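Hello,

Here is the structure I promised to pass on to you. Please open it alongside this email and follow along as you read.

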Amino acid sequence: MATTPSQTDAHEPPQSDVSREDREPNRMLRSIFRYDLPASIVVFLVALPLSIGIAIASGAPVMAGLLAAIVGGVVVGAIGGSPLQVSGPAAGLTVVVATLIDQFGWQTTCFITVAAGILQILFGLSRIARAALAIAPVVVHAMLAGIGITIALQQVHVLLGGSSQSTAWENITAVPNQLANLHLNDLLIGSAVIAILLGWKYLPTSVRRIPGPLAAVVIATVAAALLGLSVERITLDGSLLDAVALPALPQGAWGSVAVGILTVALIASVESLLSAVAVDKLHTGPRSNFDRELIGQGSANVVSGMIGGLPVTGVIVRSSTNVASGAKSRASAILHGFWILLFSVALVGLVQQIPKSALAGLLIVIGIQLVKLAHIKTAHRTGDLWVYAVTVVAVVFLNLLEGVLIGLALAVAILLWRIVRVNVDARNTGTEAEPRWFISITGSSSFLALPRLTSAFANIPAGSPARIEIDADYLDHAFSEAIEDWTRQHRATGGTVEIVELGSARIEASKAHPPRRGTATAQHLRDALAPWSRRHRSGSQSHPPALRSLLDGVDDFHSNHADLLRPHLTRLADSQDPDSFFLTCSDSRVVPNVITASGPGDLFTVRNVGNLVPVDQSDVSVDSALAFAIDELNVSSVIICGHSGCGAMNALLSNSTAAQPIQEWLRHADPALAAFHAGHPVARAAAAEGFSEVDQLAMVNVAVGLQTLQRHPVVGRARADGRVRIAGLFFDIGTARVLEITTSGIRHLADNAELPEPPATLAVEHADS
């Protein structure tokens, strides 16, 4: 007997829920085995030689690099906020760590790593992670380039069979002596690694599936062993467990220790966050949680420092490899940490076969790759090349913290200079006999620019006509007062001064309240398009009351908008070349140039009550305008535009009594009214969209007008020759939306058009059918 729902065990979950719970872990496990497991092996093979090389370059125990890689993979992978980012020891902190070890010793450096991790956790808990991204990218790029150059300068000596010096300058000056005492075998092994890494990208794809750094180090190690070359190899003191060392408190110099803690915390945080941002751009999965990522990075540094590991950061080389290898979750980073742990315990003897010069060649290539040509080009293009160059030099020849601070200070100084800079240009636009001076002022106009302003004014001869054009987003009282003082003085000598204010900051406003940066561009546009009743102006008492709104509007146009249009209108002064014939209603709410985003000279506009196209010859106003527009002005399109709430359509539909001239004119709309009552497809489509009967009739009127134009002798001939296209529009006033009307339906125009199309493009093929 079938079991009814009421007979089932109330405590047993529904079968669909059980299967869903079973499916989720199974799906996750399948994804890990299919994607994350293979990716973790590839990342492990890349991270292994890099971790060893970075430890050697930092002057730390070799195992410290492996410990940091293990902790970075497992701890950050488990709790970090960037699912696909892989963390471990990074080249970006090599110089800092080397300096700390030289100054305080290894165990105190471990203490600094722990303290820096605690500081990073506080950063994350304070939710200020994104503030670390406020550092100018050019400074970060230059910092990485400086680190890369420093690493390369250090490792050149190891490549030649010697030891690196303590400073960049000493590394440079010691090169001649090192060349005189070079070890040929070390040079050959290191050069082979460099050649393999540089040429790896040119090999077939099937070969490049093996990570280049791993292949280069393995080939160099095997070659050195087979050829019996006498080269210096890596030496390990004990096992991984022997390398575990507790941090030690510093013996004094707490100020320097605090600087070291802050340096490690900031650089590790910024590098990790920038890497996370870059990784987010490489995949379409979940985005990074920056605060959580800092907590994960800080936790890893606490653990790494406590057991004797290097500082940990997010590493873009490993992370990009992780994404490219197909990783889908944080499981890949965690597994890569376990593979390094397994190698460090079971296969540590292999590490001692690696020549130091092989890792030197690897680090030289990594260092050179930190100097990116794209970053230099970007700095040049954006005017930040000086910031880049100064930061690189300071990082290389001073130290990392001082170099970054100098770079930031220079970047801020240039930023302030750009913000407060104002361009003042004074030139004679007239002739020697009849000079006419034009003074252009653009930018943030403050007292800092007074020397430049007064210098420009000094070049203008007394008594000459002058025009001052101000396009400022910031204007303080001192600057505006200087303009007014010079204006009074110049007028007193017989000269004329015209002041035109184009920007959002105005002279009158600078006297009324403290200066503030203007952000009123959109408001100015709204004011320019708003009806007179909404502009809240008191009006000029010099104008007659009946004309006050109109003449105030003319004054507003002269003050705020005429200068913006004058260059364009000057070109149109002698002739017009409109693109479209635009027939629309006389309704005051329909503004053709606004709803088509067109300017002076674009539309040849004809307006009448109801946007009608007369069929008979009793009224030739539309016919004459069409003939002139098509045959004389060569317009490319003819547009009919109706609108919602049309009074003419309402009168037509309600059969209301109106004045005799209106009744006679509305007879031209009888064909539209008959089509509406006959169930025109445009009326049905409009009804389906929820439009009222008046608006349905207005749309049918446009559709019938299109049919009339198709039969029109002038328009029909031009259409047959391919010179003119026709289209219909409907302006819904309440929503400020424009619809396309065809002879058989309506269509919503796209909201996501990147740029307003010229009116000619509104004509579509099926509108001509």
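**Salt bridges**

Let's start with Arg723 and Asp721, whose side chains meet in a salt bridge with 3.7 Å from N to O. Arg723 counts as partly exposed because its relative accessibility is 37%. Please keep in mind that this is a predicted model.

The count of salt bridges comes to eight. Another of them joins the side chains of Arg488 and Asp485, at 2.3 Å from N to O. These two residues are three apart in helix α22 (residues 477-492), so about one helical turn separates them. Arg488 is exposed, at 53% relative accessible area, whereas Asp485 is partly exposed, at 35%.

Arg427 and Asp425 also pair up through their side chains, at 2.5 Å from N to O. Both ends are partly exposed: Arg427 has 39% relative accessibility and Asp425 has 36%.

**Helices**

Is helix α32 (residues 693-711) largely enclosed or largely open? Of its 19 residues, 15 are buried, so the rest of the structure largely encloses α32.

Helix α15 (residues 331-346) has 16 residues and reaches 22 Å, close to the 22 Å expected. Its buried residues include His336, Ile340 and Phe343.

**A nonpolar patch**

Finally, look at the surface: Val412, Leu415, Leu416, Ile419, Val420, Phe447 and Leu448 form a nonpolar patch there, with about 620 Å² of accessible area together. Leu416 sits in helix α20 (residues 400-420) and is partly exposed, at 49% relative accessible area.

Best wishes

Note on methods
Residues numbered from 1 in each chain as written. Predicted model: local features only at pLDDT ≥ 70, side-chain atom pairs only at ≥ 80, totals over all residues. Heavy atoms only, no water. Patch = residues over 30% accessible without salt bridge, like charges linked within 9 Å, V, L, I, M, F, W, Y side chains within 5 Å. Areas by Shrake-Rupley, 256 points an atom, 1.4 Å probe, with all protein chains shown as cover. Salt bridge = Lys/Arg side-chain N within 4 Å of Asp/Glu carboxyl O. Helix = DSSP H or I, 4+ residues; strand = E, 2+ residues; numbered from the N terminus. Buried < 20%, exposed > 50% of the residue type's maximum accessible area, 1.4 Å probe, protein only. Expected span 1.5 Å × (residues − 1).
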